[in-house]
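The following paragraphs lead the reader through a protein structure. Please keep the sequence and the three-dimensional view at hand while reading.

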Amino acid sequence: MPIDFRAALNDEQYDAVTAPAAPLLVLAGAGSGKTRTLTYRVAWLISRGVPPGEILLLTFTNKAANEMLHRVEELTGIGPRRFWGGTFHSLGNRALRLYGDQIGLARGFTILDADESETLLKRCVEDCDKTFFKNKTYPRPGPLFSILSLARNTQQSIATTVRKNFPQHSEIEHRLDDFAASYEKAKREQAVVDYDDLLELWLRLLSESQTVADYFAQRFRYLLVDEYQDTNTLQAQIVDKLAPHHCITAVGDDAQCIYSWRGADFENIMRFPDRHPDTAIHRIETNYRSTPDILAYANAVLQAQPLGRHFDKELRSARAPYQKPHLVETVDDREQAEFVLKRIRALIEDEGVSASEIAILYRSHFLALEMQLALARTGLPYQITSGVKFFERQHIRDLVALLRFIYNPTDTLAWQRIATLLPKVGEKGAQKIHAAARDHAVLLQSDFVAALATDDVLSKVPKDAREEWPHFCASLAEVAAELRDGRAPALAVEHAIEGWYGDYLRGAFADYAERLDELKALATFATRFDTVDDFLSQIVLLNGETADARSATDAEKPAAAIRLTTIHQAKGLEYDVVFLIGLADGQFPSRRAIDAGDIEEERRLFYVAVTRAKNELYLSYPKVASRPGPGGMMNTPSRFLLEVPDTLYERLRIKRRFDWRR
Ligand code: ATP
Ligand code: MG
């Protein structure tokens, strides 16, 4: 049966879908059907006799590509396998497998994951300069990798990148080119590539081999790109090289550009018409996703942005009015979680809403800790998009291991986890150190942690770790002192963060600030427990529960699970009901963005969050900070909440079971 394009699309969408083969930019706000337009354009091309093999579809996630191609199959009967569709990285991989030999890449190359790439870079740096990582002021492998990666993704020199984004490392700027060159050489020798290579080498292939470039240009006569606002320079250049014929359909929303920390630059979408002559710009002004009430709120968020460089858009809802977004003030994180769960129960049990149509969104992982704990207790099915649940995260497990070891020094697994974080200490080495400390402790009947700091033990510590060893021992001793005499665990956690472990984290990870925030959330969680064994056993139990929840969700894929996700990962998606939690200033916008004086990207992120909701939107913030911030114990509401006129939302009062004022 022929597809009724007229019935499925509004006029603006129909025009874009059926536009002649020429550069086409669909520029429209959230929920206006950009992704739908792209999907129908594929179906349209096919209905006009274009062979599927001539179509190349680029999306932000593989999941998005699969969904779109399945929809095309429903419409046209042509299966996803007949298309090239996926992320830039996955298609780069495919192109390089086929033609990488043209630029000297071995056919059987393997791809390093992020950890492996960092390890290789670390080795290369040490080959150039044995003592580099000994200098505490120099970046550790993780942060160093991020600098090089940003330079590659933005196609800027390392010097420029350091000056612009990492001025604290300008001292070593001139040495980084050598490190990068040595890293490149090592990868080629080993026939491996990293993630960035999948883009960088793809671009090189298209630039250096005219045969390959011609082949691609002839083969893919139609290029379609979703979420174009989040392409970085490399990706935009790949698109341009792939399509010298300029037959590109790009859709995007400059107001939703949220990946600049990965090199995305919304100037790419602003300049699209300059790079592709005679671009037809299509706008869609109807929003099909959200109620007018939610949309009015979203429009107000955009209107609050300073007049910068952006395309003007105003959205009208195609739907009937329903209810205004709700603003919910709770006493603290705990009450916030209780509120959300109570509302979710009513939605699922009384109002027949499917759990999979409910999402809890937040700015950063640590803001969802209380939510996860509460959900784990209720047994409601839930899924965390990032995949790794709070207590399974590496740094949380490290810190728990550190406490476990101090609580029980014969717990060798806990010891191994901690000790192997030291430079050049492997499993065997950790065992040797442990044995030496144990012998010493037994001999002198002294305490185990104190024994670590003795010369007998030091002699078993590898040379590379000796410099930090005293700091390591002193920090453990401090934590141990805090735990002595059955004292509560909260301060011990704090000491651990402020001591050696915190320093380790700062050196090891580019995103250490976020990890520290999560550890602070762990410290706050610890305040609920009077004894360390209670705290540690509770974590094991919770972990068991979340592990069960995970095996159920991953293996059997229950039809419906509540979605917990950061806003970044909710891009492009939609839910009947959205809870946006943790809206205190300093949490969202984040303290770091406020300090850096750059909150525009945070505002766009807020806009993305609000526009995920179809029917109901709850915006909540806890009044009492779980940790004192610059303003003391009290939070102030996010500035984004205050910017929206109060006629556009409704305050929701929470009925408290215990009125603490009485
Ligand atoms: P985002 O900016 O969040 O990526 P988008 O512009 O890509 O949003 P879509 O996800 O394509 O928007 O569409 C939003 C919702 O509106 C979807 O559920 C889609 O099916 C629906 N929709 C879009 N256009 C129409 C239409 N003409 N008729 C009915 N429903 C529509
Ligand atoms: Mg979309």
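**A helix and its packing**

The model discussed here is a predicted one. Helix α6 covers residues 114–128, and its 15 residues should span 21 Å at 1.5 Å a residue; the C-alpha atoms at its ends are 21 Å apart, which agrees. Which residues of α6 are buried? They are S117, E118, L120, L121, C124 and V125. Viewed down the axis of α6, these buried residues fall within an arc of 165°, so they line one face of the helix. An α-helix has 3.6 residues a turn, so residues three or four places apart point the same way. On the face of α6 turned away from the buried side, the exposed residues D115 and D127 are found.

The next topic is the division of the chain into domains. Domain 1 consists of two segments, 5–98 + 198–284, and domain 2 covers 111–190. Domain 3 also has two segments, 316–387 + 557–652, while domain 4 covers 392–545. Between the C-alpha centres of domain 2 and domain 4 the distance is 29 Å. The contact takes 5 residues from domain 2 and 5 residues from domain 4. On the side of domain 2 that touches domain 4, there are 1 nonpolar, 2 polar and 2 charged residues.

Where does ligand 1 lie in relation to domain 1 and domain 3? Both domain 1 and domain 3 give residues to the shell around ligand 1, so the ligand lies between them. The ligand is surrounded by 18 residues, of which the closest are G33, K34, T35, R36 and Y288. Helix α3 (residues 34–47) gives the most to this shell, with 3 residues. By class, the shell around ligand 1 has 4 nonpolar, 9 polar and 5 charged residues.

Several individual positions in loops also deserve attention. F166 is located in the loop between α8 (158–165) and α9. Is F166 buried or exposed? With 21 C-beta neighbours inside 10 Å, F166 counts as buried, because the threshold for a buried residue is 20 or more. Leaving out residues up to four places away in sequence, F166 touches I147 and T161. The C-alpha atoms of F166 and I147 are 7.5 Å apart in space, although the two residues are 19 residues apart in sequence.

Along the chain, L648 and I294 are 354 residues apart, yet their C-alpha atoms are separated by 8.5 Å. When neighbours within four places in sequence are left aside, L648 is in contact with A296, Y297, A300 and K324.

Finally, the backbone itself can be examined. A191 has a positive phi of about 55° although it is not a glycine. A191 lies in the loop between α9 and β5 (192–193), and with 12 C-beta neighbours inside 10 Å it counts as exposed. H246, likewise not a glycine, has a positive phi of about 60°. The loop that holds H246 runs between α12 and β7 (248–252). H246 is partly exposed, with 16 other C-beta atoms within 10 Å. A further backbone feature is the cis peptide bond that joins F588 and P589, where omega is about 0°. P589 belongs to the loop between β15 (575–580) and α29 (591–595).

Conventions:
Residues numbered from 1 in each chain as written. Chains lettered and ligands numbered in written order. Predicted model: local features only at pLDDT ≥ 70, side-chain atom pairs only at ≥ 80, totals over all residues. Near = placed C-beta within 6 Å. Helix = DSSP H or I, 4+ residues; strand = E, 2+ residues; numbered from the N terminus. Nonpolar A, V, L, I, M, F, W, Y, C, P; charged D, E, K, R; others polar. Domains from an automatic or database assignment. Expected span 1.5 Å × (residues − 1). Arc of directions from axis to C-beta. Contact = placed C-beta atoms within 7 Å.
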